[in-house]
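Shall we take a look?

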Amino acid sequence: MTETIPVGAQPFQSAPVHASVMHINGGKPLNGRIDIKGAKNLVTKAMVASLLGTTPSVLRNVPDISDVRVVAGLLDLHGVKISHGEHLDDLVLDPRAVEQAHMAEINAYAGDSRIPILFCGPLLHRLGEALIPDLGGCKIGSRPIDYHLAVLRSFGAKVEKLPEGIRMTAPDGLHGAKIELPYPSVGATEQVLLTSTLAEGITVLKGAAVEPEIIDLVAILQKMGAVITVQADRVIRVEGVQELKGYVHRAICDRNEAASWASAALATEGDITVGGAKQEDMMAFLNVFRKVGGGFEVMEDGIRFYQADSELHSVAIETDVHPGFMTDWQQPLVVALTKAHGMSVVHETVYENRFKFTEALVQMGANIQLYRECLGSVHCRFGERNFFHSAVIAGPTGLHGADIVVPDLRGGFSHVVAALSAQGHSTVRNVGIISRGYERFTEKLDALGADFDDDAAEVRA
Ligand code: EPZ
């Protein structure tokens, strides 16, 4: 048995928390290789899934990002013993002493994470009660949890609104349910998966999300002993079981981070190899990347991204649920589209307010216009509701340096890419938010030859 380093007893070994300000000298191509780890949007859910087991779990390929540290802290609050396995990117999660935590503690730890809502099902099964603080998350829309609450009620949970959050109980235990989601919500699908596997009887979910991160979570639950079938046309069927055991699982790679670095290569006329990237997880991105003028070489251990054509071409993009073009991919790519010849269109159909980051690009010289109308053919929930959810990017425009503030995670990465592709010096503020989802991103920028420095020495968490 390998020696494990207790994490609960000491701060989870963390990478430096990046200083809040970066000074960037743009105009240099990013060239070289970086390696990515497990997907932020799977790893945090896999950590929560460990609560369902009666024995410890081991999660491999875990990135050191603040979203993981937040969930590790929340699990520690609930009595889960967390330690590193034989490698720093292994987590050993021991749920055998699970206990209730206090709302104030949970609130203090949860910060702006949305993951606490996914603790409900496992805690209701284990303790018969769950306390959930009001949630945070990137400001890219209202981020409601109505689907989650409806799902939990259909399993038999009682939901009580408290001043600082929600208290849930399951006096009669949790039973299987027939559920149809009004929209293929990733979070609500995860809510069903994490609650149904130990619920009494059959659960049938219609209108499920089927992103690769969802399928990886299904694989984890199946390893634990769950009986889950992902059927055609977004139907997932679960037969509740009596007990789940711990899992050993290597998380799929972060396709959102891979797409971010690919867009950085295009925006800076660089050549970046992303170790760990998998073609099958980002097919829709690769098609658009090629149409814009990018080239990619699929290798055994990653994908090389570079500019293939002498100039970039405008495109029309509509974000959608998987297997469509992911909403998390559009922000970094829009920076490259400011250099494309012609008018590009991005119709954002997943979140109603995900173009705030374009304000900084316009400040740097981009020609971007936002519209309330649905500029595309995908069915969209925002068309008649006064949201600026379509963007037209006219190019090519050269970007110049500016003093800009990061609004959210993906928008933040876009701000850094914009500063790297602009001529001159930029000051990018509030960059710490980027380490929520991008492990050691300043070290990666260093490795790729970026010319920047942090305002203050990097500090440890
Ligand atoms: C997950 O968010 C990801 N986050 C997001 O990534 C990703 O963009 C999103 O899925 C879509 O792929 C994590 O996994 C932590 P949703 P989630 O529920 O689960 C509406 C990133 O940058 N909705 O699929 O919150 C919602 O408002 C982040 O890595 C309700 O109306 O997304 C949105 O319009 C950003 N009621 C749509 O569904 C609900 O109860 C999609 O949301 C839940 C969702």
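Q: How far is the oxygen atom of the ligand from an N or O atom in the side chain of R354?
A: This is a predicted model, where local features need pLDDT of at least 70, side-chain atom pairs count only at pLDDT 80 or more, and totals for chains, interfaces and linings use all residues. Residues are numbered from 1 along each chain as its sequence is written, and side-chain values use heavy atoms, with hydrogens and water left out. The pair is a polar contact (N or O atoms within 3.5 Å), and the distance is 3.3 Å.

Q: How much of the ligand's accessible area does the protein cover?
A: Accessible areas come from the Shrake-Rupley method with a 1.4 Å probe. On its own the ligand has 820 Å², and the protein covers 92%.

Q: Is A177 buried or exposed?
A: A177 sits in the loop between β9 (165-169) and β10 (178-180); strands are DSSP runs of E, at least two residues, numbered from the N terminus. Buried means under 20% relative accessible area and exposed over 50%, with partly exposed in between (1.4 Å probe, protein chains only). Because its relative accessible area is 7%, A177 is buried.

Q: What is the C-alpha to C-alpha distance between A177 and G156?
A: In sequence, A177 and G156 are 21 residues apart. In space, the distance is 8.8 Å.

Conventions: Polar contact = N/O pair within 3.5 Å; in protein donor to acceptor, adjacent residues only side chain to side chain. Helix = DSSP H or I, 4+ residues; strand = E, 2+ residues; numbered from the N terminus.
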